[in-house]
Every structure is written in C-alpha cells, then in structure tokens.
Amino acid sequence: MPRRRIGVGVTGRLALLHAVAHIELNAIDLAWDIIARFPETDLPKEFYDEWVTVADEEAKHFGLLSDRLSALGGAYGDLPAHDGLWRAAENTSGDILARLAIAPLLLEARGLDVTPAMIAKLEKVGDDESAAVLKIIYQDEVGHVATGVRWFRWVAESRNLDPQRAFKDMVGQYFKGGLKPPFNTQARDAAKFPASWYEPLSQ
Ligand SMILES: [Fe+2]
Ligand SMILES: [Fe+2]
C-alpha cells in the first residue's frame with residue numbers, strides 16, 4: 001500500500017483545532033492569573049469561585065481539543081502559534097479593570113462572534129465530532145463573557161466609574177484599533193453584555 005498523505009481537509013482542520021487549543025491553553029493561565037495577580041482586597045468570594053469555574057472549563061476545552069487533534073493524527077505543539085493573547089495578558093497585568101475589558105469582554109466575546117462559522121464549516125465537511133466540541137466551548141464561553149461583564153461592572157462601580165464609559169476608556173488605552181463587526185448580538189445579549197458598550201467602538 002502506498003502511504004497516504006493527509007488530505008487538505010484534515011490539514012485545515014488540524015490547523016483550526018490547533019489554533020483554538022492554543023487559545024484555550026492561554027485561557028487556563030488567564031483564569032488563574034486573574035485569581036492570583038491583582039491586589040484588590042475587597043473582591044468577594046464569588047469572584048474567586050467564578051474564575052475557578054472558568055479555569056476548570058478552559059482545561060476541559062483544551063482536553064476536548066487535544067482529543068480531537070489526536071483523533072486526526074496531530075497533537076498540540078505540532079504547529080506554531082502566535083502570542084497575541086499572552087501579550088494582551090502582559091499589557092493588562094497592571095490593572096484588573098483593563099484585564100477584564102480586554103480578556104473576557106474583548107477577546108472571549110470575539111470568540112462568540114466567530115465560533116458559529118467555524119462550527120458550520122466543520123459540519124459542512126462532515127466532522128461532527130469537532131463541531132460538537134466547538135459547540136460545548138461556545139456554550140461555556142457565553143458564561144465566561146457573562147462572568148467578565150459581571151466583574152467588570154463590579155470593579156468599575158467600586159471605583160465610582162460608569163461601566164460603559166470605563167469600558168470605552170480601557171479599550172482605547174489597551175487595544176489598538178476598533179472592534180470588528182459583525183457582532184454575535186444574540187450570544188452577547190445572553191452574556192448580558194450591553195451593545196451600548198461595544199457598538200460605539202466598532203471599526
Ligand atoms: Fe474556553
Ligand atoms: Fe473562556
């Protein structure tokens with residue numbers, strides 16, 4: 001038997017799943033980082049509980065993706081990955097309000113915008129297992145954005161800031177360029193992320 005090369009379809013899927021796995025791995029670290037890094041002493045116990053849940057779910061996501069990668073003949077680490085997410089983490093390491101604005105409210109919410117198209121693409125090529133993994137991730141990520149919104153509001157209000165105004169200021173200060181539409185308003189609404197916060201910042 002001649003050795004079969006992996007088809008273009010599998011290569012593309014491996015690249016997609018690898019990219020998402022990289023994001024999830026960073027997301028585990030980001031969840032623990034927000035628990036440990038910031039000096040705010042008045043955060044209630046629920047803050048820590050909720051981010052532990054997020055960390056647990058990010059680890060689950062990475063595990064599910066690792067399983068899909070190995071089912072397709074790959075593994076995390078096979079491909080290069082860019083460090084945009086970790087750079088965002090470093091940039092916002094001095095202020096919890098900036099971290100909440102950029103990590104859950106900007107980057108994870110962006111995940112909600114783009115994931116449905118990825119799921120559709122995987123289903124189109126018949127990879128229902130990978131699509132099912134992304135559906136789990138998508139559902140959980142609505143919760144992560146909701147956690148981000150809740151605590152962004154809490155920290156802004158504890159500093160006597162208007163949350164909408166504070167979000168605009170944080171994005172202006174810590175993010176280059178505008179936010180990229182189209183937004184998944186349905187999922188963002190489900191996370192109680194007000195369109196009035198992000199729509200004016202649209203590119
Ligand atoms: Fe995740
Ligand atoms: Fe997440």
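This is a predicted model: local features need pLDDT of at least 70, side-chain atom pairs count only at pLDDT 80 or more; totals for chains, interfaces and linings use all residues.
1. A word on terms before we start: two residues are in contact if their C-beta atoms, placed from the backbone, lie within 7 Å. Setting aside its neighbours within four places in sequence, Leu105 touches Leu100, Val145, Gly148, Val149, Phe152, Phe167 and Phe193.

2. Stepping back to the whole chain, you will find 8 helices and 0 strands. Read from the N terminus, the order of elements is therefore simply α-α-α-α-α-α-α-α, by the DSSP runs used here.

3. How does the overall size look? The chain has a radius of gyration of 18 Å, which agrees with the value near 17 Å that a compact globule of 203 residues would have. The box filled by the C-alpha atoms, taken along the principal axes, is roughly 70 × 30 × 25 Å, so please keep both descriptions in view when you look at the chain as a whole.

4. Among contacts with a separation of 6 or more, 75% join residues 24 or more positions apart.

5. The largest nonpolar core holds 50 residues, and Leu97, Ala101, Leu105 and Phe152 have the most contacts inside it. At least two core residues come from each of helix H1 (8-36), helix H2 (45-71), helix H3 (84-91), helix H4 (96-124), H5, H6 and helix H8 (195-198). Which helix gives the largest share of this core? That is H4, with 12 residues. Leu105 and Phe152, both listed among the residues with the most contacts in the core, are also in contact with one another.

6. Next, the packing of helix H5 (residues 128-158) on helix H6 (residues 163-174): their axes lie 9 Å apart, at an angle of about 100°. Because angles of 65 to 115 degrees count as roughly perpendicular, H5 is roughly perpendicular to H6. On the H5 side the contact is made by Phe152, Arg153, Ala156 and Glu157, and on the H6 side by Pro163, Ala166 and Phe167. By class, these are 5 nonpolar, no polar and 2 charged residues.

7. Finally, H3 and H4 cross at roughly 145°, and their axes come within 10 Å. Leu85, Ala88 and Ala89 of H3 meet Ile102, Ala103 and Leu107 of H4. The residues of this contact divide into 6 nonpolar, no polar and no charged.

How values were computed: Residues are numbered from 1 along each chain as its sequence is written. Chains are lettered from A and ligands numbered from 1 in the order in which they are written. Axes are lines fitted to C-alpha atoms, for helices over the stretch in contact, and angles run from 0 to 180 degrees between N-to-C directions. Helices (H or I, at least four residues) and strands (E, at least two) are DSSP runs, numbered from the N terminus. Angles under 35 degrees count as roughly parallel, over 145 as roughly antiparallel, 65 to 115 as roughly perpendicular and the rest as oblique. Ala, Val, Leu, Ile, Met, Phe, Trp, Tyr, Cys and Pro count as nonpolar, Asp, Glu, Lys and Arg as charged, and the others, Gly among them, as polar. The radius of gyration is taken over C-alpha atoms; the globule rule is 2.2 Å times the number of residues to the power 0.38. A nonpolar core is a set of buried Ala, Val, Leu, Ile, Met, Phe, Trp, Tyr and Cys residues joined through C-beta atoms within 7 Å. A residue is buried if 20 or more other C-beta atoms lie within 10 Å of its own, exposed if 12 or fewer, and partly exposed in between; C-beta atoms are placed from the backbone.
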